[in-house]
Amino acid sequence: MYIDATDLPRGGGYRMLVGSVMPRPIAWITSGTDPVNLAPFSAFTWVSVDPPMLGVTIQQRAVGGSRRDKDTLHNIRTTGEYVVNIADDMMLEQVHASSEGFTADVGEAEHLGLTLAPSVSVAVPRLAEVPVAMECRLDRIMRFSAVGGSFVVGTVVGWHVRDDVWGGDRIQYDRVHPIGRLAGPRYTRVGEIIELPPVPGG
Ligand SMILES: Cc1cc2nc3c(=O)[nH]c(=O)nc-3n(C[C@H](O)[C@H](O)[C@H](O)COP(=O)(O)O)c2cc1C
């Protein structure tokens with residue numbers, strides 16, 4: 001089966017991408033301060049290791065017949081600061097519920113019973129319970145198409161790592177228990193961990 005991307009119907013590109021790029025990690029982003037907005041984004045990766053920089057694709061929201069920017073994008077553009085929180089699998093239902101299209105006056109963290117804690121270098125609070133939270137400063141926003149998405153790139157200015165996952169000089173990968181997103185409202189936990197010998201020059 002070969003699928004020509006130009007033959008896809010409206011929305012078909014999204015469907016093909018979510019089935020092709022998976023499982024995806026989830027950036028659970030806090031932004032703004034009054035109220036603090038919280039939403040999950042799985043079009044998420046890093047784009048530089050030195051300096052450490054993260055990238056997230058934020059699409060527009062369809063409202064009636066028109067489209068508008070999501071609150072997260074609006075807040076990041078306005079304040080230049082945000083926090084990328086990484087949830088563990090015990091928080092899956094709250095991650096999912098935080099994607100509801102609340103109006104901008106609702107603070108999702110408070111609404112879902114999550115605790116906010118102050119950040120060190122940015123004004124936006126982080127989620128207190130998560131294993132890892134990364135304080136970020138906006139570097140640039142690249143809008144690739146009117147509806148397709150804006151790629152938000154930020155520099156990590158500081159990490160908060162929960163004591164039980166901190167291994168002295170690194171995050172212990174087998175203690176984080178991250179969530180992966182598949183297609184639509186379907187998620188996965190980390191299953192078997194397979195360790196292979198390092199490859200020379202790899
Ligand atoms: C697990 C998960 C991952 C999501 N990933 C994205 C994403 O990468 N990009 C996006 O635009 N929306 C994504 N969404 C939808 C947003 O979370 C949703 O539109 C949310 O209401 C945006 O909130 P905001 O308007 O407060 O920013 C995702 C939803 C879920 C449940």
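Strands here are DSSP runs of E, at least two residues long, and helices are runs of H or I, at least four, numbered from the N terminus. S2, strand S4 (52-58) and H2 are the elements that give two or more residues to that shell.

A quick word on where this comes from. This is a predicted model, with pLDDT of at least 70 needed for local features and 80 or more for side-chain atom pairs, while totals for chains, interfaces and linings use all residues. Residues are numbered from 1 along each chain as its sequence is written, and side-chain values use heavy atoms, leaving out hydrogens and water.

Back to the ligand. There are 19 residues around it, and Pro40, Gln59, Arg61, Thr72 and Ser99 come nearest; to count, a residue needs a heavy atom within 4 Å. Now the polar contacts, meaning pairs of N or O atoms within 3.5 Å. A ligand nitrogen is 3.0 Å from a polar backbone atom of threonine 57. On the oxygen side, a backbone N or O atom of glutamine 59 lies 2.8 Å from a ligand oxygen, and for aspartate 71 a backbone N or O atom is 3.0 Å from a ligand oxygen. How much of the ligand does the protein bury? Taken alone the ligand exposes 650 Å², and 93% of that is buried by the protein; the areas are Shrake-Rupley with a 1.4 Å probe.

Next, helix H2, residues 71-79. Asp71, Thr72, Leu73, Asn75 and Ile76 are buried there, where buried means under 20% relative accessible area, with a 1.4 Å probe and protein chains only. Just after H2, glycine 80 takes a positive phi of about 75°.

Finally, the strands. S2, residues 37-41, runs antiparallel to S1, with 5 bridges joining them; strands pair if DSSP finds at least two bridges. Isoleucine 29 has alanine 39 as its bridge partner in S2. The hairpin of S1 and S2 has 5 residues between the strands, and in it glycine 32 takes a positive phi near 70°.

What about the other partner of S1, strand S7? S7 covers residues 81-86 and is also antiparallel to S1, with 3 bridges, and tryptophan 28 stands opposite asparagine 85. S1 itself, residues 27-31, is mostly covered, with 5 of its 5 residues buried. Ala27, Ile29 and Ser31 point one way from S1, and Trp28 and Thr30 the other way. Thanks, everyone!

Note on methods
Buried < 20%, exposed > 50% of the residue type's maximum accessible area, 1.4 Å probe, protein only. Polar contact = N/O pair within 3.5 Å; in protein donor to acceptor, adjacent residues only side chain to side chain.
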